[in-house]
Amino acid sequence: MNIAIQGIRFRRAAGVVVTTGAVLASGALYAAPAQAAAPVPSVVAKGGFVTNNANGKTLYTKLGDTRRATGSTTKIMTAKVVLAQKNLNLNATVTIQKAYSDYIVSKNASSARLIVGDKVTVRQLLYGLMLPSGCDAAYALADKFGTGKTRAARVKSFIGKMNADAKKLGLKNTHFDSFDGIGNGKNYSTPRDLTKIASGAMKNATFRSIVKTKKYTAKTKTKTGGTRTMAPWVNTNTLLNSYSGTLGVKTGSGPTAKYCLVFAATRKGKTVVGTVLASSSAAQREKDAKALMNYAFSKI
C-alpha cells in the first residue's frame with residue numbers, strides 16, 4: 001500500500017516538474033540555454049596566438065612561445081622604434097642612397113622602389129616600409145635613426161634599439177639581427193611576442209593610420225628639385241579587403257619564415273590582435289588568421 005502511494009506521489013511530482021518547465025518556457029522566467037563555445041580552429045600555421053587587446057587575455061595559442069623566423073613582420077618593430085624617437089619630425093627628409101638600392105638587389109628583397117638621390121620624408125618611408133614591405137625603406141630608416149659615424153655603425157645602433165625595446169617589453173624569446181627580417185640566423189620571435197609588439201605599436205596613432213591604409217602614393221623630391229610621383233604602394237595585407245573590421249598589421253615571408261601574418265581587427269567595440277607564423281602560403285596565412293579571429297571574437 002505504501003509503495004503504491006509513494007509511486008503515485010512520484011508521478012505527481014514529475015508532472016509538477018514538467019508542468020512548471022512548460023510554464024517557465026512560455027513565460028518571462030525562461031532562461032535560454034547557453035550557446036556552445038565555438039570549436040577551436042585547426043590552422044596550418046606552425047605557430048599562432050591571439051589576445052584580447054583590452055585586457056591582454058590569451059584567447060588562442062598554438063606553440064605561442066616557440067621561437068621562429070619572422071620575415072618582414074620584423075618591420076613592425078622597425079616602425080615602432082622610429083615612431084618612439086624623441087622630437088620626431090615625420091616631414092624630415094632622407095636622401096636615398098645607392099647602398100639601399102644595392103642592398104635590395106643583392107638580397108632579392110621586397111622593395112618600395114625608391115629612387116637614388118630622391119629626398120623622401122620619414123612619413124613616406126614608413127608607408128614604404130609597411131605597405132609594400134620595402135627593405136630599401138627599412139634600410140633608409142635604420143641609417144637615419146641609428147647613431148654613429150658610418151652607415152654600418154648607424155645600422156648596428158638602430159638594431160640595438162630594436163632589441164632594447166624588446167627587452168623593455170619583457171620579451172625573452174625575441175631577438176633582432178636585422179632591420180627588415182632578412183637576418184643572419186639570429187632574427188627570431190614568437191607568436192606571443194610579436195602580438196605584444198604589435199599591440200604596443202598600435203597605441204601610436206600614426207602607426208595605426210599607416211597599417212590600415214590600402215594604397216598610398218608618395219610624391220618625392222628629385223635631385224634637381226622637381227617632384228616625382230611614385231607608383232602607388234599597395235598594402236600586402238589582403239585582410240584589409242577581405243575581413244570586416246581589420247585594422248592592420250603586417251605580412252612576412254621568407255625561405256625559413258615561410259608565410260607569416262600579424263593581424264588586428266575590431267568588432268562591436270572589441271579588438272583582437274594576433275599572429276600566425278610559418279603557414280604554407282599567402283592564401284593560407286590569411287585563411288588561418290580569419291579562423292583565429294572568428295574564434296577569438298566568439299570568446300569575448
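The protein chain of this predicted model contains ten helices and eleven strands. Helices (H or I, at least four residues) and strands (E, at least two) are DSSP runs, numbered from the N terminus. Residues are numbered from 1 along each chain as its sequence is written, and side-chain values use heavy atoms, with hydrogens and water left out. Local features need pLDDT of at least 70 and side-chain atom pairs count only at pLDDT 80 or more, while totals for chains, interfaces and linings use all residues.

The table gives totals for the chain. Buried means under 20% relative accessible area, with a 1.4 Å probe and protein chains only. Contact means heavy atoms within 4.5 Å.

| Property of the protein chain | Value |
|---|---|
| Buried share of the 300 residues | 46% |
| Share of contacts with a separation of 6 or more that join residues 24 or more positions apart | 62% |

**Helices α4 and α5**

Two packed helices are described by the angle between their axes and the distance between the axes. Helix α4 covers residues 122–130 and helix α5 covers residues 135–145; their axes come within 8 Å and cross at roughly 140 degrees. Axes are lines fitted to C-alpha atoms, for helices over the stretch in contact, and angles run from 0 to 180 degrees between N-to-C directions. The angle therefore makes α4 oblique to α5; angles under 35 degrees count as roughly parallel, over 145 as roughly antiparallel, 65 to 115 as roughly perpendicular and the rest as oblique.

From α4, Val122, Leu125, Leu126, Gly128 and Leu129 meet Ala137, Ala138, Ala140, Leu141 and Phe145 of α5. Nine residues of this contact are nonpolar, one is polar and none is charged. Here Ala, Val, Leu, Ile, Met, Phe, Trp, Tyr, Cys and Pro count as nonpolar, Asp, Glu, Lys and Arg as charged, and the others, Gly among them, as polar.

Helix α5 is mostly covered, since ten of its eleven residues are buried. Among them are Cys135, Asp136, Tyr139 and Asp143. The buried residues of α5 pack against α2 (75–83), β3 (93–95), α3 (98–107), α4 and α6 (151–168).

**Leu171**

Leu171 lies in the loop between α6 and α7 (191–201). This residue is buried, with a relative accessible area of 8%. Leaving aside residues up to four places away in sequence, Leu171 touches Ala166, Asp193, Lys196 and Ile197. Ser189 is 18 residues from Leu171 along the chain, and their C-alpha atoms are separated by 8.6 Å.

Definitions and conventions
Buried means under 20% relative accessible area, exposed over 50%, partly exposed in between (1.4 Å probe, protein chains only).
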